[in-house]
Structures are given as structure tokens and as C-alpha cells.
Protein chains: 2
Amino acid sequence: MATRSTPRRDQEVLSAAARVFHARGYADASVQHVADELGILKGSLYHYISSKEELLYRLLDETHEEVSRILDEVAASDSPPLDRLRLYVRRQVAYNLENLERVAVYHHGLARLGDERRLDLVGRRREHEDFVTDLITAAQADGDVAAGEDPRVLTRLVFGTMILTYNWFRAGRDDPEQVADSCAEFAIRGVTGGGD
Amino acid sequence: MATRSTPRRDQEVLSAAARVFHARGYADASVQHVADELGILKGSLYHYISSKEELLYRLLDETHEEVSRILDEVAASDSPPLDRLRLYVRRQVAYNLENLERVAVYHHGLARLGDERRLDLVGRRREHEDFVTDLITAAQADGDVAAGEDPRVLTRLVFGTMILTYNWFRAGRDDPEQVADSCAEFAIRGVTGGGD
């Protein structure tokens with residue numbers, strides 16, 4: 001029976017793949033490396049996946065499931081658009097900081113997928129972009145964002161605030177809660193200009 | 001005699017490398033592919049470079065030379081810190097949008113360089129980060145940026161506003177001047193909160 005929740009063994013496989021793809025780069029990593037990381041034979045790993053690309057896809061697919069849950073929870077709130085935007089940015093950044101390797105593999109690996117799988121993920125990413133654009137447009141209608149701003153460009157800049165955190169955040173040096181808050185406030189100020 | 005300006009033939013080689021590395025991904029590209037793109041024999045290409053990695057390094061090195069010129073020009077201005085920051089963001093984004101392939105290769109290629117060359121470039125990138133942090137710190141001293149903000153985190157978020165433009169900008173659909181302006185204003189609002 002098909003189910004969206006990932007069994008424990010699959011989780012271990014995907015976590016090992018994230019570590020290996022991150023450490024070696026996807027192009028230089030092999031199914032053998034992932035099997036070595038798990039301490040199992042390559043033949044056993046082929047019970048779970050049929051190719052390196054499938055492993056990458058399942059890893060990115062799972063990452064998408066997790067961030068989509070954040071979107072759904074924020075969308076279910078009935079607070080004003082800018083409050084929802086602030087919450088969305090804070091929670092997405094917090095997720096990124098808790099999953100640095102997966103997020104890095106996501107950004108470097110997307111282009112390596114075959115067309116069909118890549119376009120599937122790009123389409124699901126588009127849902128996030130549309131969600132943010134809709135919040136900005138709603139805030140514009142409320143007079144909280146200047147009428148002359150292009151919501152699509154502001155959306156890209158809000159994502160710019162979130163996406164690269166995986167690249168500069170250093171556990172131990174940086175506080176994840178504080179960074180998530182700073183990103184959310186920067187994005188809100190960037191979109192609104194602060195006060196009014 | 002060593003000189004910083006790149007001869008015309010070298011420019012053609014580097015531009016061909018940028019196109020090939022961008023289209024195929026660095027890992028899957030070869031010196032042969034670059035020679036094919038130039039319409040010359042691989043042996044002739046080895047008059048200019050000794051390896052694929054050297055080609056990547058020279059491409060990234062030249063990109064750095066060009067963006068460092070922007071930094072130098074902005075640093076030479078005596079306008080207030082936030083005006084210099086606005087100008088810096090606008091000019092860096094405009095450069096990115098005029099050099100989409102090179103900038104994409106820069107971001108995906110840096111991790112592929114050997115340690116020495118990579119650390120050289122990371123050190124030079126650090127100069128840009130320090131420049132922006134100094135401008136934000138000066139604006140903080142002027143009371144234009146809230147005292148509680150961490151200039152290092154704001155610096156990363158300003159770079160987040162600039163870096164990913166290469167990824168979403170579409171020539172024809174987006175106007176480069178307008179996008180560069182939007183990025184600069186978003187960054188300034190993000191740093192200051194707008195008015196005060």
C-alpha cells in the first residue's frame with residue numbers, strides 16, 4: 001500500500017545519501033559510496049532504489065514534502081498577510097538550518113535530475129513562489145506594500161533572503177532562532193519598507 | 001610582462017569555457033568540449049591552459065577582477081554609507097545580469113576548485129563581505145541602522161538579495177535596470193527598515 005510517510009530504513013538510506021552527495025558532490029558520488037556509508041552491500045541498496053538519480057529524486061521529493069507541510073500550516077492561519085509572510089520565512093529558514101546538508105544537495109542537485117523529475121519539483125517549488133506572491137499582493141491591496149512594487153520581483157528577493165542561509169550558517173557560531181528571526185524581519189522590511 | 005588585462009584570444013577562450021561549463025555543468029564538461037566550442041584542436045587550447053581546472057580558475061579569477069573594480073569605484077565615492085551600499089548593490093546586480101553564464105559557473109564551480117585556488121577566491125570574496133559590513137557598521141554609527149542588528153547577518157542578507165538574481169532573471173521578460181534598482185531598494189529597506 002502506498003503511503004506518504006517514509007519508513008525508517010528508507011529514512012536511513014536518504015540521510016546517508018544526503019551526507020554522501022553533500023560531501024562528494026552528486027557527480028562524483030556513486031551508489032557504492034552510499035552503500036559504504038550505510039555499511040551494506042551495493043546489491044542490498046538496490047532493494048530500495050534502482051539508480052543514483054532515483055536516490056537523488058527521492059531525497060529532493062522528501063525535502064519538498066517537509067517544506068510543503070510548512071506552507072500548508074502557514075496557509076491555514078487566518079492572521080494578516082504580512083504576519084503569515086513573516087511566519088513562513090521564519091519557519092522555512094529554521095527548516096533550512098536544521099537540514100543544511102539536504103538543502104545544499106537540493107540546490108546543487110536539482111539541475112542533475114532528468115527532465116520529468118526536475119520539472120515535477122520545479123512545479124512544486126512554484127507553489128511556494130505563488131503562495132508568497134499572493135501574500136504580497138494581498139498586503140499591497142491592504143496598502144502595506146507600495147503599489148508600484150512588482151510582487152513577482154519581491155517574491156524572488158524574499159526567497160533570496162531564505163535560500164542562501166544554508167551556505168553561510170555555521171552551527172556553533174550562529175544561533176538558528178536568531179538567524180531565522182533576522183531573515184524574517186529583513187524580508188518584511190524589504191517588502192514593506194518597515195513602518196507604514 | 002605580466003599584466004592584469006586579458007588579451008583578446010584569452011577572452012574568447014574564457015567566454016567559450018563559460019558557455020560550455022554552464023550548458024553541461026563543470027563535472028560533465030571537458031577541455032575537448034571547449035575546444036569544439038572554439039572550433040580549434042584540443043592541442044591548440046593547451047597553449048592557453050594546462051587543465052580544465054585551470055580554465056575554471058581563470059574564468060572565476062577574471063570574474064573577480066571585474067567585480068572588484070565595482071567595489072573600488074564605489075569605495076572611492078565619498079557619499080554617505082547607505083548611498084554607497086545602494087550603488088554597490090545596484091552595480092553588482094547589473095553586472096550579474098549582464099554575465100549570467102559566468103556568474104552561474106562561478107557559484108556552481110567554486111567548490112570544484114582545488115583548495116589553494118578556492119581559498120584564494122574565498123579570500124577575495126571576503127573583501128566584498130567586509131566592505132558591505134563596514135558600510136552597515138558606519139550606517140549604524142550614524143543611527144540609520146538599528147543598534148541591535150548584527151552587521152554580519154545583515155551583510156549575508158544583502159548578498160542574498162544580489163546573488164540569486166542570475167538564477168531567476170530572464171532576458172526579454174525582466175528589465176535589467178529595473179531589477180537592479182529593485183534589488184538595491186529591497187536591500188536598503190531590509191537593512192534600515194525604510195524611512196528613519
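Reader: Where does B:A23 sit?
Author: B:A23 is in helix α1 of chain B, residues 8–24. Keep in mind that this is a predicted model.

Reader: Buried or exposed, that B:A23?
Author: Exposed. B:A23 has 12 C-beta neighbours inside 10 Å, and a residue counts as exposed at 12 or fewer.

Reader: How far is B:A23 from B:S50, in sequence and in space?
Author: They are 27 residues apart in sequence. C-alpha to C-alpha, the separation is 22 Å.

Reader: Back to α1(B). Which of its residues are buried?
Author: B:V13, B:L14, B:A16, B:A17, B:A18, B:V20 and B:F21.

Reader: What do the buried residues of α1(B) pack against?
Author: Three helices of chain B: α2 (31–38), α4 (52–76) and α6 (100–109).

Reader: How does the length of α1(B) compare with what is expected?
Author: α1(B) has 17 residues. From first C-alpha to last it reaches 24 Å, close to the 24 Å expected at 1.5 Å a residue.

Reader: And what comes just after α1(B)?
Author: B:G25, with a positive phi of about 80°.

Reader: Switch to chain A. Which residues of α1(A) are buried?
Author: A:V13, A:L14, A:A16, A:A17, A:A18, A:V20 and A:F21. Their cover includes α2, α4 and α6 of chain A. Just past the end of α1(A), A:G25 has a positive phi of about 80°.

Reader: How many helices and strands in chain A overall?
Author: 10 helices and zero strands. The C-alpha trace spans about 60 × 40 × 25 Å along its principal axes.

Reader: What share of chain A is buried?
Author: 35% of its 196 residues.

Reader: And contacts in chain A between residues at least 6 apart: what share joins residues at least 24 apart?
Author: 67% of them.

Reader: Now helix packing. How do α5(A) and α10(A) meet?
Author: Helix α5 covers residues 81–98 and helix α10 covers residues 176–192. Their axes come within 8 Å and cross at roughly 140°. The crossing is right-handed.

Reader: Which residues make that contact?
Author: From α5(A), the list includes A:L82, A:L85, A:V89, A:V93 and A:L97. A:R86 and A:R90 of α5(A) take part too. On α10(A), A:V179, A:A180, A:D181, A:C183 and A:I188 are among them.

Reader: How do the residues of the contact of α5(A) with α10(A) divide?
Author: 13 are nonpolar, one is polar and three are charged.

Reader: Next, the two chains. How many residues of chain A are in contact with chain B?
Author: 21 residues of chain A are in contact with 21 residues of chain B.

Reader: Which helices of chain A each supply at least two residues to the side that touches chain B?
Author: α8 (151–163) and α10 of chain A.

Reader: How does that side of chain A divide into nonpolar, polar and charged?
Author: 10 nonpolar, eight polar and three charged.

Reader: What rotation superposes chain A on chain B?
Author: One of 180°, with 0.0 Å of shift along its axis. The RMSD is 0.0 Å. That is the relation of a two-fold axis.

Reader: What share of the contact residues of chain A recur in chain B?
Author: 100%. The same surface serves both copies.

How values were computed:
Residues numbered from 1 in each chain as written. Chains lettered and ligands numbered in written order. Predicted model: local features only at pLDDT ≥ 70, side-chain atom pairs only at ≥ 80, totals over all residues. Helix = DSSP H or I, 4+ residues; strand = E, 2+ residues; numbered from the N terminus. Buried ≥ 20, exposed ≤ 12 C-beta atoms within 10 Å, placed from the backbone. Contact = placed C-beta atoms within 7 Å. Axes fitted to C-alpha atoms, helices over the stretch in contact; angles between N-to-C directions. Left-handed = near helix turned anticlockwise from the far one by under 90°. Nonpolar A, V, L, I, M, F, W, Y, C, P; charged D, E, K, R; others polar. Least-squares fit on C-alpha atoms with pLDDT ≥ 70 in both. Expected span 1.5 Å × (residues − 1).
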